[in-house]
Amino acid sequence: MPYLTINHLEKSFGPTRVVKDFNLSVDKGEFISLLGPSGCGKTTVLRIVAGFEEPSAGSVQIDGRDVTNQRPNQRNIGMVFQAYALFPNLTVAQNVGFGLKIAGIGRAEAATRTAEMLRLIGLPDLGGRYPFQLSGGQQQRVALARALAPKPRVLLLDEPLSALDAKIRVSLRQEIRQIQQQLGITTIFVTHDQEEALSMSDRVVVMNGGIAEQIGTPFDIYNKPATPFVAGFVGSHTGFDAQVIDPAAGIVAIDGAQLSLGQQLTALKGATIRLALRPEAARLGRADGRETLLKGRVVQVQFMGSIIRLSAMVGDTALTLDTFNRPDTPPPPLGTEVEISVAARDFIILGGAGDGIATEQTPETQRLA
Amino acid sequence: MTDQAALNTSTVTNPPKARRSVGSLFSWAMFTFAVLYFALPLIGMFEFSLRKRRGTYSFDAYTTVLQDPQFQATFTYSVVMSLVTIALGLALVLPAAIWVRIRLPKMRPVIEFITLLPLVIPVIVIAFGYLRMFNTSSFLPMTGSASATNVLLAFGYATLALPYMYRAIDNGLRTLDVQTLTEAAQILGAGWFTIIFKIMLPNVFTALLSGAFLTFSIVLGEYVFAALLDRPAFGPYMIWTGGNRAYEPAALAVIAFTITWGCMGLIQLAGRLFPHTRAKR
């Protein structure tokens, strides 16, 4: 039985429907990320779970009890905010102990718990400092300790890493995940950063336009995107329109060149389906196991440190591919004619993994190409 | 560097230096003028207040004022009234300002306009309005007894102090993310009482003190309300003294200035007493 259930959630602000029939079941101890662009409704869902927003329809249940009509201070939920939201007039220890004091926990027990929390976040000696005397990363750790101190049933994280610099973000996300696993607390994490969502979560909910486009493990979300939006939002890809030649054998044609996708397609013969290819699936030059060879001209080179991202025009399509950075192999100059090898099995069929559902050429799918 | 180059450099750098020194001279002249403009009358007034005894400087005027039972009674009355007004103003303005920031942000311009009205409407108009609304033959007679009139006067003072009190508190709240802090406290189980008194109040305490001291100054010097409601306040006493004595009004003015400056000093001191406010300065 799921620990947290969100049923048919709807939320409108005036005439604008921000959340549309949103459903989610979260198991106890699970780490779920709500991932999506700005305005997709992810923060609204989180705020409804916290009790800060009232849903227009639907319900929220925690541990079998309907909490939809409960006030935020009755729900026993912990929350970490993007802007830290530490109380400036209280010391670190007083901030961490705030919830315990409200809950009527005895002074000695509260002090023990506070010390325990400060040790958990690695700041055991900073209890006497004020928030303004801490760095951003330290403040967010204290905010996490404060949220966890009263032993909440659910932990909500509202883009807690957004205000931090890149290095702190990476180290803090690992710490948050470690602490969450250590305590086994059910957690919902809101982010627009796919790397954070994929690296931290047990499951990811990709949201767009107020609906959950796909709910799945990071592996599935990345490798089997259910919709063109998910494929476009999570990671990079090159989109292709392919004509179905033989649905049973999984053979399609891209710009006249035939290739076998290695799986049966449900789309009819002659239909157009949408395929996507991740940058890491293509190789510069010939490579074993990659039977399809494409010829292209390098039009863009992005040096990204450990990898180099190339963009090459293959026919009318700008194909993106990643190569590992090797000091002895500089990237090809712009305008170089190159060979690119791909494996047909690496093509992702958009609009339902393995279904090969024919997609309409909407402006959005056009844009993905 | 050649001589020609040195010459060029000096011709290039000299004009800005000259401009800077002229600018600096002008700034100092303006500063000196401002100091003299404000300080000279005060020095003159203080000097005059010391001349009660012929041929020598003395504090006789101050002794007379401080020993006057009417001074003690009216001053005590006004101090008590100002404390009541501060409490009333805080009880009214702090929750309202927080509520406007959290729930009604679009109403802020309207609320600000309302709080400015006491500056636009003459006090005598407000006082007459009160007398019409709350006289002994009205639905809520508040001028029938001294205690009820005192309450009415406190409400009147709170209205007069509203622009200063609201602005001071609103400025204090502007330095805080009120919405998020409120939500952070709520999710930790806090109710509104805890949020206002444990979170908001300590964080806007310095701003609140400045609002309180401004209120204190206004109440201490207010004449129209107290005179029309016939209450024994310090404002009417100062006017009465000014009309009947020579040196004592100057002594009273110096005392009033000292109290005001003392209040300003206390605001600064209070700011330093709270460690969490150090970062803001």
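The model I am reading is predicted: local features need pLDDT of at least 70, side-chain atom pairs count only at pLDDT 80 or more, and totals for chains, interfaces and linings use all residues. I number residues from 1 along each chain as its sequence is written, and letter chains from A in the order in which they are written.

**Chain A**

Of its 369 residues, 53% count as buried (under 20% relative accessible area, 1.4 Å probe, protein chains only). I found nine helices and 20 strands in chain A; these are DSSP runs, helices (H or I) of at least four residues and strands (E) of at least two, numbered from the N terminus.

**Where chain B meets chain A**

Next came the interface. I noted 23 residues of chain B in contact with 22 residues of chain A, contact being heavy atoms within 4.5 Å.

How many salt bridges link chain B and chain A? I counted one, using a side-chain nitrogen of Lys or Arg within 4 Å of a carboxyl oxygen of Asp or Glu as the rule. Glu183(B) pairs with Arg47(A), and their closest N and O atoms are 2.6 Å apart.

On the side of chain B that touches chain A, α7 (178-187) and α8 (192-203) each supply at least two residues. The largest share, eight residues, comes from α7(B).

Technical notes:
Heavy atoms only, no water. Buried < 20%, exposed > 50% of the residue type's maximum accessible area, 1.4 Å probe, protein only.
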